[in-house]
Amino acid sequence: MSIYALWGRGIALHSDEWVGRGLYPGVAMAYGADLYEPKSGPHVTLYGPTTALFYLPTSLASNPSGAIWIAYLMNILGLLGPLGYLIHRILHTPESPQFATRMAIAGLLFVFLGVLIIEPTTEGLFRIHADLPAFSFLLLALCFFLGYLNNKKRLLLYATCLCLAFSVCAKLPTLPATFFPFFFLCLRRRLSDAYLFLIHLVIAFGFTTICFTLLYGWDDTIFILFKHISSSGWSLRNQLFDETGKAAQSHMSYLKAIPLLFRFLVMYLAEYWYIALSCIVPLTLV
């Protein structure tokens, strides 16, 4: 039933209005086309280049339909791969039978897929857009971070920071999540590891910025990653809470938008309190 639902979702994507915006950057990057021309040409995308990097394999298709199916498969693999690893880390014990563990992982993944597909808030993850690449890079960062906690290899720590930087380049609102390893290490009183993480994070952001600057130019990179975001109207989101339906301000900076973001947080907690509770309870038992 889950496979049938996934197949139907893939067919529906062929008529989705977002598919071109998410698909074309990957094809354009594969063929060496310039993604960003803020002054002399049309905007191919306003999202960071790591979204195009995620959908790079779509260039292997010989027609648009095949490219959509490849991008959809990338979404599924980008979600199930890290989730499967994380579930394996939770369930695996030296005493547990391998076959039973694998069956449990497969069952939980199918349950997650079913919930994500039917839930209006999460069904957008399966669309060809920047949401899934950003989320997938976050999950990969968590996988590498768990590996670092066990092995303490700096290569795993740098891979964590690189995935976090890729996530931010895919979609800027994931920026606060990049500091989770730092706070986690501080809570565990591993201050030297926390400072080492910050150094690697700065290096990862610098490396990605330099690479994409060499590809697309400094002005275009800064415009996409920072300038057009700074001019976005956070006040447009405020219409959801304004009885008059009109934004109070024509422009709202990120700092001014913090109370608005807090209201969104309260709204989500009121609707999805059971998810927050399921995350908090295990932390109290550790």
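Helix axes are lines fitted to C-alpha atoms over the stretch in contact, and the angles between them run from 0 to 180 degrees between N-to-C directions. In this predicted model, helix 4 (residues 64–91) packs against helix 6 (residues 131–151) at an angle of about 25°. Helix 4 also crosses helix 1 (residues 2–13), at roughly 135°.

**Helix packing**

- The axes of helix 4 and helix 6 lie 9 Å apart, at an angle of about 25°.
- Helix 4 is therefore roughly parallel to helix 6, since angles under 35 degrees count as roughly parallel.
- The crossing of helix 4 and helix 6 is left-handed.
- The axes of helix 1 and helix 4 come within 10 Å, with a crossing angle of roughly 135°.
- Helix 1 is therefore oblique to helix 4.
- Helix 1 and helix 4 form a right-handed crossing.

**T209 in helix 9**

- T209 is located in helix 9, which spans residues 191–216.
- Because its relative accessibility is 22%, T209 counts as partly exposed.
- T209 and I222 are 13 residues apart along the chain, and 9.0 Å separates their C-alpha atoms.

Notes
Residues are numbered from 1 along each chain as its sequence is written. This is a predicted model: local features need pLDDT of at least 70, side-chain atom pairs count only at pLDDT 80 or more; totals for chains, interfaces and linings use all residues. Side-chain values use heavy atoms; hydrogens and water are left out. Helices (H or I, at least four residues) and strands (E, at least two) are DSSP runs, numbered from the N terminus. Angles under 35 degrees count as roughly parallel, over 145 as roughly antiparallel, 65 to 115 as roughly perpendicular and the rest as oblique. A crossing is left-handed if the near helix is turned anticlockwise from the far one by less than a right angle, and right-handed if clockwise. Buried means under 20% relative accessible area, exposed over 50%, partly exposed in between (1.4 Å probe, protein chains only).
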